[in-house]
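Let's take a walk through a protein model, one region after another. Have a look at the picture first, then we'll go through some of its parts together.

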Amino acid sequence: MSNTISRRDFLKLAGLGAATSAVLTGCGPAAKYVTRQPYFDMPEYTYHGESTYYATTCRECAAGCGLIVRTFQGRAIKVEGNPAHPVNRGKTCARGQATLQGLYNPDRIPGPIRQGRAGALSRQVMTWDEALDILAKLFQNTPADQMAFLLGPAPDHLYDLVVELAAHLGGPAPIRFGALSLFEGRTTLIQAAQELFGQAALPFFDLASADLVFSFGANFLETWISPVSYTRGLSTMRKGRDGRRGILVQFEARMSQTASVADEWIPIRLGSEGLVIAALARLVAEVQGRPADSFQEVTPDEAATAADIPPEMLYHLADRLATAARPLVLVGGSALAHRNGLQVAKAALALNALLGNVGREGGVFLSPPAPDGAPHSRLASVQEMAAFVQRLASGTVKTLFIHGVNPLFELPASLGLAEALKNVETIVSFATFPDETALQADYIFPDHHGLESFGYQRVMAGAKEAALSGLQPVVSPFHDTRATVDLLLAALAQAGRPLPYSDEFAFIQSKIRPLMTLAGGSFTAPEEHTFMALFQQHGGWWTLNDMRQQPSSPRGRIAVAMAAPEDGEFYLLPFVSPVLGEAGANKPWLQETPDPTTTVMWNTWVEINPKTAKKLGIKNDEVVRLIGPAGAIEVPVYVYPAIRPDTLAVPFGQGHTAYGRFAAGRGANPINLLLPILNEAGDLAFADVKVRLEKTGRKYSLSRLESRIGVYGEGLEEAH
Amino acid sequence: MKPIDLSLFGAKGAIVEAAEGKWGMAIDQDLCTGCQACVVACAMENNVPFVGEIDAGYGRSMHWIRIERFWEGEYPEIRMTPYRPMLCQQCGNAPCEPVCPAYATVHSQSERINLQVYNRCVGTRYCANNCPYQVRSFNWRDYTDERVNDAIATLKNQYNPDVTVRRRGVMEKCTFCIQRIHRAQDRAKAEGREVQDGEFAPACAQACPADAIVFGRIDDLRSRVSRLIRQKHGVHYLEELGTQPRVTYLVGGAS
Amino acid sequence: MTEKHEHTAERHLRKKHLMLDPLPRGQMNAMVMESMHATSWKFWVVFAVLAAITAWGLFYSWGVLMLDGLGMAGVNRPSYWGIFLVNTVFWIGISHAGTFISAILRVFKAEFRRPFTRAAELMTTFGLIQAGFSILMHMGRVWLAYWLLPYPNQRQLWPNVHSPLTWDLLAITTYLLASTMYLFLPLIPDLAMARDRSTGWRKTFYKILALGFRGTEGEWTHLRTAMNIFAFAIIPVMFSVHTIVSWDFAMATRPGWSSTVFGPYFVIGALHSGMGAVVVVLAIVRATMKHMDYFIRTEHFEAIGKLMLIISMGWGYFFFNDYIVQWYGGDVWTKQLLHWHEAGPLGWMWFAMLIFNVLIPWLVLWNRTWRSNPWIMLTVGLLINVGMWLERYIIIPISLTINRMPFTWRMYEPGIEIPLGIGTLAFFILLYLIASRLIPLVPVWEVQEGQMAHSLKKVGRETVVTVAELE
């Protein structure tokens, strides 16, 4: 944006589309940053005692929820949802609320650092000029095919730039990864849609209009794909249409937060999800008098035995499913994390087709395309990551750039990434926080925090509308950090191979420009600068129409069987901590926010069924050693009344060895128990693992919000 | 609704509201997913400090809302009771108020909610003992002092200037985001109008992704919260104590 | 003394009863003075140890508590009140015995009271000081404690008269002032006696405190009138104090607390622990101070023992009354609480309380020989005090564990309360030690007055005790 609209015009614009009655501000490069200034010298649009509100996009996960950040005297003080945003409609999750604790985190990387792969954050501060020199030299001296970019799920504009950069230099495309996608079974779902409907898109489950939902393993109220949007869906479903309240039935080996909200929780054995879905499909087909096709081979009684539920229950469930007005079968997460996960996903989608709800209200759609027509970038599956690690290990990668992801924490250690990194000559990290991977880099050139950044994020799933969610800085950078896009562009220019963008903003503008010509959007503007200003002000651009894609009719055969895990005492079910997510552990308030189901704060625990615990002679707070195929962790026990007796569950999100004072040395990381066993789509079969349990004889008192006396009756045993 | 002369009901500390309150909240337990967004939103809005693992595990966490849940039955017939966000019920006849010797917890005559006057509090903690809902939190240490907690040095940048930062020895609790009530009222007044229903919400209601928390005027029969309270099965917890809670819990699904 | 007429019964009576065993005034005065002056090295050792414990336990720990906040203590949600208030109630309870002995027994003219009214009355004052300390420790912002006083201020802010804590403060302050004056009044003649028998700084000290008392008939009349007024006036104050303390609990909307019988239950509990403490003090004073075995005799232990037995029965009655009322009420939370008391992890405290407060006194105090033995009485007194402390512990932190929000139930684990509690105890003993060196622990004039009134007469072949009405 140039100077064609003055700041004063800007204020006039500010009144437009302000869904909250507050002042929303977009800011152009002329006012690229709002600065923290003393009271006597404030930007002209800041009034004494009045807050300025900026629309931006949440970067705590990749769902792309719109935020409105309240700022006061140049400081961000509160994150609120953007009421107009199609993903979250003014709402936020706990992680989004705690974004500010990342922005003002005491352990942020303060500036460019010559890290030199020291175990702790190095104190060798550099200047940005030196950093630029180093980057430029790397671009000059590294052959393009020996350069690799590893990016996180957000932000998309950086990914787009790196794609262009890689193409420009002639190197391989960047690879994106995030632990959430691993736990969501995203790749599997996309692959299933590809195989069944011939279109590689993430299925969109229309909870809001359904009246009976069978959910297999998908923790859609916690971290799954777009939790705020799915929570709204559930809420709408519960409020009921025509006064009829929708019902949610959750099939899971452990009562997750999602299952705890469900009307019924059916604890089926891990690995039997596919069989149960297939059996349901066969029974539904029988009720409807239709051929069951590939489900014909499944015997419901055998499925019930495999799932460890009474057969009558299965018949009854199928009956309800077949007679419901708008039934929906949802699948994801642990249900797909088996060797046959792809078949499970396909079976679930096919069951939906059998129920006749594909492409119907309350049924299954495919996610809307990105508004700019660009394909949604798919995050790498573990299989692809394993190949990438192989590439690193082989020494063919001279320079590795890492942004927005912490693979040393988020990938199973058994993939051997830590070893592989040793074969990379130079590692440059753009991390904002001193996470495990950043500490293994040669240089850290910290990017701004999400709230200090420009950018955009394509909304992949979570809205009916096609949306490009916009990011803008709400405060001036708190530390001596620099936008990675700016840095890359400058380094390329210095290396003599410039891309045609003057800076990050110009790049973003070039990507947003095509939206101006599209009809049916949330706003229009006659010329580019106004359009950009409005883009910032609204927190993005989205269509007003439902843009979900109709899947074509399913085809192909499905063969499901019981997943067969390795030998071991107990099934292990790792799950993402609903509060911390994969990267929330450095925020003290998230640490102190109780886990919804166990109310544990500040630590990792293992959930054990009371009967199992009694049999093993294990009590609450006893530290046990879980021995998996790839390693062992020690965690305190939480005797959890709602988990299968043959299953242990451990949350993922803690167990950092770095990542700041609040995260480091706290809890354990269950992902390190796992071998890289994959399903057919290349996603990690993390639920196909069995572990052994050993006592350590130690105790560690888990901090719980709940009362063990009042909730579990400890000390009140004889009371009635 | 006819305004009530609250001065008829005794001295400041012992106001018993004869009529319905003014502000109220409906919490739909059927919609609550226990996601804790309200808990964090409240902490961010109200400068609620964190206390660390040991204190948090010892019943010293400072949350102004906590989400309760219990269990019924045994595996496999086990059920979790619906999540119950428990926060200050803003009692019309609040047990916390009369017992404070220093008048630090008082009834707002204009807003009809219970206020904690931090700078008047001397920390006898009688109010917290007498609160049947156990929703008051006490500043056991100087959690907000950067000499005690060095992380505060940077984290303090997010403090909401509308809300007092509390020091050790002071009781605190949910205020229904009184600062937001006042902001909305001031704005409405400046614009020469009444505050409209849904114009603003406390941080918890604003954040709630499930739309389980609804806030508004309960003395206005047209407001969303009043309609909800009348429509569904509303429950006032422990109302048998005569506390006249202003938070109504909706239990059971739509019918 | 007429030895040739003395026969066994008379000798026996004289040996047994102080009132019948008079010594010349000069000799008795000298004995009391000597007991004050005879300070061995052992005294200084004990003094130094106690002073060190007080400095560490009370003043240093309190400093830490004030600087770091109540997180140093064990209080939490839901046990917002802990040992500080247990100690407050405990010390106020202890202080009751002084008034009971010196005022009620004086009013009822119980003659055995005479030699130990002072030692008991000192306990009132010293105990109240510890109670005051304890309640100040309990406050989150003790530096603002003066806000609880009704003092004129610009903002016209007054304490909240609705709050039982405000009544409490008023009651305790009144009691402290009244009991201090009531301690001082009977002290005047003894201070004058000491003044006349001292030199140096002691002389100046006593001179100032004795207010020029010379022992004229007029002075005695005034003094007796004043003491009489105080003796009667302080009795309702004494009853009110612990009743009001009980209201801190009884007025609250908590299961287990809102019990209408708490007023008398607390008063009788206070007397129970107070009498136990008196017996302990007497036994120690008798054993450690010179000539005290003359003044404090087994008859006194025996008499106090009877009182303790009656009080223990009274306590048992009120305990049962409180329990049955709460249990019969059938409130679900109260039922949980009663169960928690008995069968919870600290159920042993509940049983120990009943054993120490009821079972042991009842078993021991029935027996005249046992209750005449100072060492047995010392043990029983100590156990009763432990039992009564446990009773307050059960009422405060253990009962606070159970409320109407089971999600918050949580146990209380004391922290810095322990050194602070030990500190108050050490300070209490230290004050006694200092007092024993500075003021006559035995009210000499009161003993002499009693001895003058008592005499032995022969009626036929029987020797009988006669007492003249003095006042």
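How many residues of chain A are in contact with chain C? Nine residues of chain A do this, and they meet 12 residues of chain C. On the chain A side of that contact, you'll find four nonpolar, three polar and two charged residues. Keep in mind as you read that this is a predicted model.

**Where chains A and B meet**

Chains A and B touch as well. Here 57 residues come from chain A and 47 residues from chain B. On the chain B side, several elements each supply at least two residues: the helices H1 (37–45), H2 (53–60), H5 (152–155) and H7 (203–207), plus the strand S2 (66–68). The largest share comes from H1(B), with seven residues. Sort this side of chain B by class and you get 28 nonpolar, 11 polar and eight charged residues.

**A sheet in chain B**

Staying with chain B, let's turn to one of its sheets. Four strands make up an open sheet, in the order S10-S1-S12-S11, and the pairing is mixed. Why do S10(B) and S11(B) each have one side without a neighbour in the sheet? Strand S10 (213–217) and strand S11 (234–235) of chain B stand at the edges, so each has a single partner strand.

S10(B) pairs with strand S1 (residues 23–28) of chain B: the two run antiparallel and are joined by five bridges.

**Strands in chain A**

Now over to chain A. Is strand S3 (residues 66–72) of chain A mostly covered or mostly open? It's mostly covered, with six of its seven residues buried. On one hand, S3(A) pairs in the antiparallel sense with strand S2 (residues 52–57) of chain A, over six bridges. Tyr53(A) has Arg70(A) in S3(A) as its bridge partner. S3(A) also pairs with strand S4 (residues 75–81) of chain A, again antiparallel and over six bridges. There, Phe72(A) is partnered by Arg75(A) in S4(A).

Chain C has a strand with another story. Of the six residues of strand S1 (residues 454–459) of chain C, the number buried is zero, so this strand lies largely in the open. S1(C) runs antiparallel to strand S2 (residues 462–467) of chain C, and six bridges join the two. Within that pair, Lys458(C) stands opposite Thr463(C).

| Hairpin | Residues between the strands | Residue with positive phi | Phi |
|---|---|---|---|
| S3(A) and S4(A) | two residues | Gln73(A) | near 50° |
| S1(C) and S2(C) | two residues | Gly460(C) | near 65° |

**A helix with a buried side**

Back in chain A, helix H14 (residues 382–393) has 12 residues and reaches 16 Å from its first C-alpha to its last, close to the 16 Å expected at 1.5 Å a residue. Which residues of H14(A) are buried? They are Val382(A), Met385(A), Ala386(A), Phe388(A), Val389(A) and Leu392(A). Those residues sit on the same side of H14(A) because they cover an arc of only 160° around the axis. Their packing partners in chain A are strand S7 (175–176), helix H6 (179–184), strand S14 (399–403) and helix H16 (417–421). After H14(A) comes Gly395(A), which has a positive phi, near 80°.

Helix H10 (residues 262–288) of chain C has 27 residues and reaches 38 Å from its first C-alpha to its last, close to the 39 Å expected at 1.5 Å a residue. H10(C) is mostly covered, with 22 of its 27 residues buried.

Our last stop is Val325(C), in helix H12 (residues 298–329) of chain C. Val325(C) counts as partly exposed because it has 13 C-beta neighbours inside 10 Å. Leaving aside its neighbours within four places in sequence, Val325(C) is in contact with Ser259(C) and Val261(C). What about Thr260(C)? Thr260(C) and Val325(C) are 65 residues apart along the chain, and their C-alpha atoms are separated by 9.0 Å.

Notes:
Residues numbered from 1 in each chain as written. Chains lettered and ligands numbered in written order. Predicted model: local features only at pLDDT ≥ 70, side-chain atom pairs only at ≥ 80, totals over all residues. Contact = placed C-beta atoms within 7 Å. Nonpolar A, V, L, I, M, F, W, Y, C, P; charged D, E, K, R; others polar. Expected span 1.5 Å × (residues − 1). Buried ≥ 20, exposed ≤ 12 C-beta atoms within 10 Å, placed from the backbone. Arc of directions from axis to C-beta. Pairing = 2+ DSSP bridges.
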